[in-house]
Amino acid sequence: MGDGGQRLLRERSWMVHLPLLLCIGELVSAQIRYSIPEEKKEGSVVGHIAKDLGLDIGALVERRLRIVSGSKDSLFQVNQNNGDLYVNTNIDREDICDGSGICLINLKFVVENPLEIHYVGVEITDVNDHSPSFPEKEKRLEIAENRLPGARFQLQAARDPDIGINTVQSYKLSQNENFELQVRERGQDRFPYLVLQKHLDRETKAEHSLCLTAYDGGTPPRSGTLNVTIIVLDTNDNPPAFSQELYSVTIPENVELGTVVVRVKATDNDEGTNGELEYVMGTDLDPKLYDIFDLDSITGEIKVKRALDFEMTPMYKLDIQAIDKGQPPMNAECGVIIKILDVNDNTPEIEVTSLSTEVSEDAKPGTVISLISIIDKDSGINGKVLCSLSGDVPFELKPSIQDNMFSLVTKRKLDRELVSHYDITITASDFGQPPLSTFKTLSIQISDVNDNSPEFPQNPLELYMFENNVPGAFIFSVSATDKDLNENAAISYQISRGVHSEMASFLNINSENGKISALKSFDFETVKAFQFEVIAKDSGNPPLSSNVTVKVFILDQNDNAPVILSPISANGSAEGIEEIPRNANPGYLVTKVRAYDADIGYNGWLLYSIHEVADHTLFGLDRYTGQIRMLRSFAETDEAQNKLILVVKDNGNVSLSATATVIIKAVEPMEAFAASDVQGDQNAEDDSSVAFYLMITLGAVSILFVVSIAVLIAMQCSKTSDYSSKYLQDTNYDGTLCHSIQYRSGDKRYMLVGPRMSIGSTIVPGSNGNTLVVPDRRSRASGETSTAQL
């Protein structure tokens, strides 16, 4: 570039338009326009983008200021350190913008956190960097010598890719006697003509050499030359003439092949072969035009030879010549302008710039998901596009500052647990007749956040387990579910160690699978029921948790043998001596064996039997009460002393027992009376001992009864009556200590009964007889029950 060009660049000022801001949701757009001359040195600053947009320069790298679209975005780059837009490569306006209009490059900038979109236009101004040039270096013209002065001969027009003042402005012809230069304007083009000023004389000079120079308007001006050789011919002295100097016609781009576009008409006043005309296209036309249009050399009809496309070329310019057949031939020229009318033949194209294919379910309404650009090559109403989403989806399209630009944003709150994936169909339709449409589907995955707490299938949980469990063995399992994913759904379990969970210290839980084991063996006679809480916590951030109450009911096992209360045990054996009058009648109550079993239900139901006796006909034993009575009166032959060995058994699956020995002496009535006084004193002493032990036993049982009632009342208050389960323990003894236990589950009430309780006192709707309902040992972890008939 010359010194003048450099001086011109220094004198030009850059234009910067104020930003135009438009807020759409969280999307901010701006329009800035700069102006720079072409051939600007690489690295030159175009404009201070960050400053003009009001961005924080220190946050440009973090917010990722960048150019995201534009077919010519490689011409420029943005410096993320200072926010300057600079020239990235050499810019040739003529290569970028083929035409004489304004050369404007539109750039789209994006910054993140929050997302902003800015549109920047860079106008490339022209500099005089091209010289005018002719299609050929030499032009040969044949002119008859009889041509009259004033005849015009068109020369090739010079071409200059520059625009404005820098394109071709004037022509100059070398000094000569016969010709002068005339320049005629046709539209924006200037065409040079040689005008004959003086008759030619072939015999004097048969050939003339001229030099045509074309100048542009640059400073300094540039020029190009064309050597023109004039061959002087004889004879044919009347040139053809067109009816119009310029033909103009408009046709639609979808016109059928072979259609006549226009018919040019020329006449020649000569006669014979000198008046016969042939039409040809100009020799300096673009070679592509010969493939698009066909000229009938006889009729002058111009026909469509190949399909037209308004989007490729909206207008064609043709030069047509009419040449006669004289010797030498004479010709005339005219111009044909063919304007192409756009039709709606281009389907809209959808371009998606996805910011993310995964959206968090806690994204706020208005969050930008993607940028949508719609391109329609048609013009006017045919190029205007309506964009929409199909289906009821929680997304919507919002228009941008530019036409056919949209942003895809969230419309309402998302919930991954309801819908985890969306296939969004974008429909773009133009306004042509008929309208054309196109579709594009976007797949959007909803990512999980920890918004769901673990859930237990029911609360509370009930566990029925037998006493004497093996310490460390598995007794129960809890399981919770979480609707979230991955670590948000990874659940760990722990037992609450609160002040109301004293028994929790004797339990251990596997934090991964919720399996609970007991660290000690439970004793029904000590603890009949307790409860604790299990906490299920997920691994989200922050973690969420929920609690479940586990109510444990200890079931009795036959682990206590009967204890003989009367006769009083001594040295590990129970033995008593009873004296009765010899004249005692049948049914006489000899004595009563008293026993106690700490177990309940079947396990505490005691039965009495005679294991060993000398005469089975003399004494009888009530198997339920332990009363020994006379079956008949004494005979003379009966022994005065009889020994009875009694066995007391419980009713457990594996029965436990205890034995007692009773020695019965038959004495005369007076002796019996005296002995009864002595025995009465001794029995009074024995009875006081028995009463002492009985009071201790009854006290212990009463304490357990009160504690059980308090626990069950507390449990009943903590749950609904339809789902409550109560235990009511009472102690009855009529010659033996028999136990019964009542409990209720749902709408059923159950009672474990001893031998002296009537069948009618067992309340089981729909049951037959005395029914014992206890958990099945095979399914005690699941809380199922089995029934056994008493």
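## Strand pairing in the sheet

Two strands count as paired if DSSP finds at least two bridges between them. S24 and S25 pass that test: they pair in the antiparallel sense over 9 bridges. The model is predicted. A hairpin of 6 residues links S24 to S25. Within this pairing, isoleucine 320 has cysteine 334 of S25 as its bridge partner.

S25 also pairs with S18, here in the parallel sense, over 7 bridges. Valine 249 has isoleucine 338 in S25 as its bridge partner. S24 in turn pairs with S21 in the antiparallel sense over 5 bridges. Methionine 281 stands opposite isoleucine 320 in S24.

## The four-strand sheet

Together, 4 strands make an open sheet with mixed pairing, in the order S18-S25-S24-S21. S18 and S21 each have a single partner strand and stand at the edges, so one side of each lacks a neighbour in the sheet. On average, neighbouring strands of this sheet are turned by 25 degrees against each other, direction ignored.

## Nonpolar cores

The largest nonpolar core holds 30 residues. Phe242, Phe293, Ile320 and Ile338 have the most contacts inside this core. S25 gives the largest share, 5 residues.

What does isoleucine 320 touch, leaving out residues up to four places away in sequence? Its contacts include Phe242, Val264, Val280, Met281 and Leu295. Isoleucine 320 also touches Ile302, Ala332, Glu333, Cys334 and Val336.

A second core is separate and has 28 residues. Leu463, Ile516, Val534 and Val552 are included in that second core.

## Cysteines

How many disulfides does the structure hold? There is 1 disulfide. A disulfide is a covalent bond between the sulfur atoms of two cysteines. Here the pair is cysteine 97 and cysteine 103, with sulfur atoms 2.0 Å apart. The link is right-handed, with 65 degrees about the S-S bond. Cysteine 97 and cysteine 103 are both buried.

Is cysteine 387 buried or exposed? Cysteine 387 is buried, because its relative accessible area is 10% and the cut-off for buried is under 20%. Cysteine 211 counts as partly exposed, because its relative accessibility is 25%, a value between the buried limit of 20% and the exposed limit of 50%.

## Confidence in the model

The average pLDDT of the protein is 79. A score of at least 70 is reached by 81% of the residues.

Over residues 1-28, pLDDT stays under 50. The model has 60 contacts beyond four places in sequence for residues 1-28. Residues 719-790 also have a pLDDT below 50. For residues 719-790 the model shows 182 contacts beyond near neighbours in sequence.

Key
Residues are numbered from 1 along each chain as its sequence is written. This is a predicted model: local features need pLDDT of at least 70, side-chain atom pairs count only at pLDDT 80 or more; totals for chains, interfaces and linings use all residues. Side-chain values use heavy atoms; hydrogens and water are left out. A nonpolar core is a set of buried Ala, Val, Leu, Ile, Met, Phe, Trp, Tyr and Cys residues joined through side-chain atoms within 4.5 Å. Buried means under 20% relative accessible area, exposed over 50%, partly exposed in between (1.4 Å probe, protein chains only). Helices (H or I, at least four residues) and strands (E, at least two) are DSSP runs, numbered from the N terminus. Contact means heavy atoms within 4.5 Å. A disulfide is a pair of cysteine sulfur atoms within 2.5 Å. pLDDT is the predictor's confidence in each residue, from 0 to 100. Axes are lines fitted to C-alpha atoms, for helices over the stretch in contact, and angles run from 0 to 180 degrees between N-to-C directions.
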